Amino acid sequence: MKRSTKTNTLLLLAVAALAVLPLVLGLGDHKEEPFAGADAEAETAITEIEPDYEPWFSPLYEPPSGEIESALFALQAALGAGVLAYYFGLRRGRRQGEERAVAATLRDAPVTTPRDDPEGD
């Protein structure tokens, strides 16, 4: 197995562990919504510190339920991943095209020797 394959396998296992371990260990079982996100945690902390806090602005769109909010977030993440994948794929394709063009140019170029050079010394 190549070194890069081992590294990719270990990274994949680490990501899977980060996703599964909180569920297996029961982290957040004491909360009403255990995996609500950082926004909800921040709102709770702010209202505990300053109960009279008034937000500076309100959202433009408030989804009717948490499931729709999660679906919109997943859609946003998927679109972002698609844009990044397109960009990196485009860069790789251009680089490969340039390498092929250079290889073809070198392959098709005539080879000259000092005897063939009319201006040679």
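## Helix H1 and its end

Glycine 26 comes after H1 and has a positive phi, near 75 degrees. This is a feature of a predicted model, as is everything described below.

Helix H1 covers residues 3-25, which is 23 residues. At 1.5 Å a residue the helix should span 33 Å, and its end C-alpha atoms lie 32 Å apart, so the two values agree. H1 also has a kink of about 30 degrees, placed at alanine 19.

## Overall fold

The protein has three helices and zero strands. Along the sequence the order is α-α-α. Helix H2 takes in residues 38-49, and helix H3 takes in residues 66-108.

## Burial and surface

The protein has 121 residues, and 2% of them count as buried.

## A nonpolar patch

Six residues are named in one nonpolar surface patch: Leu60, Tyr61, Ile68, Leu72, Leu75 and Leu79. The patch has an area of about 680 Å². Tyrosine 61, one of its members, sits in the loop that runs between H2 and H3. Its relative accessibility is 52%, and tyrosine 61 therefore counts as exposed, the cut-off being over 50%.

Ile68, Leu72, Leu75 and Leu79 are also among the patch residues, and helix H3 spans 66-108. In an α-helix there are 3.6 residues a turn, so residues three or four places apart point the same way.

## Confidence

Mean pLDDT for the protein is 85. A value of 70 or more is reached by 85% of the residues. Confidence is highest in H3, at a mean of 92, and lowest in H2, at 84. The loop holding tyrosine 61 lies between these two helices.

Terms used
Residues numbered from 1 in each chain as written. Predicted model: local features only at pLDDT ≥ 70, side-chain atom pairs only at ≥ 80, totals over all residues. Heavy atoms only, no water. Patch = residues over 30% accessible without salt bridge, like charges linked within 9 Å, V, L, I, M, F, W, Y side chains within 5 Å. Areas by Shrake-Rupley, 256 points an atom, 1.4 Å probe, with all protein chains shown as cover. Salt bridge = Lys/Arg side-chain N within 4 Å of Asp/Glu carboxyl O. Helix = DSSP H or I, 4+ residues; strand = E, 2+ residues; numbered from the N terminus. Buried < 20%, exposed > 50% of the residue type's maximum accessible area, 1.4 Å probe, protein only. Expected span 1.5 Å × (residues − 1). Bend = angle between axes of the 7 residues up to and from the residue. pLDDT = per-residue confidence, 0-100.
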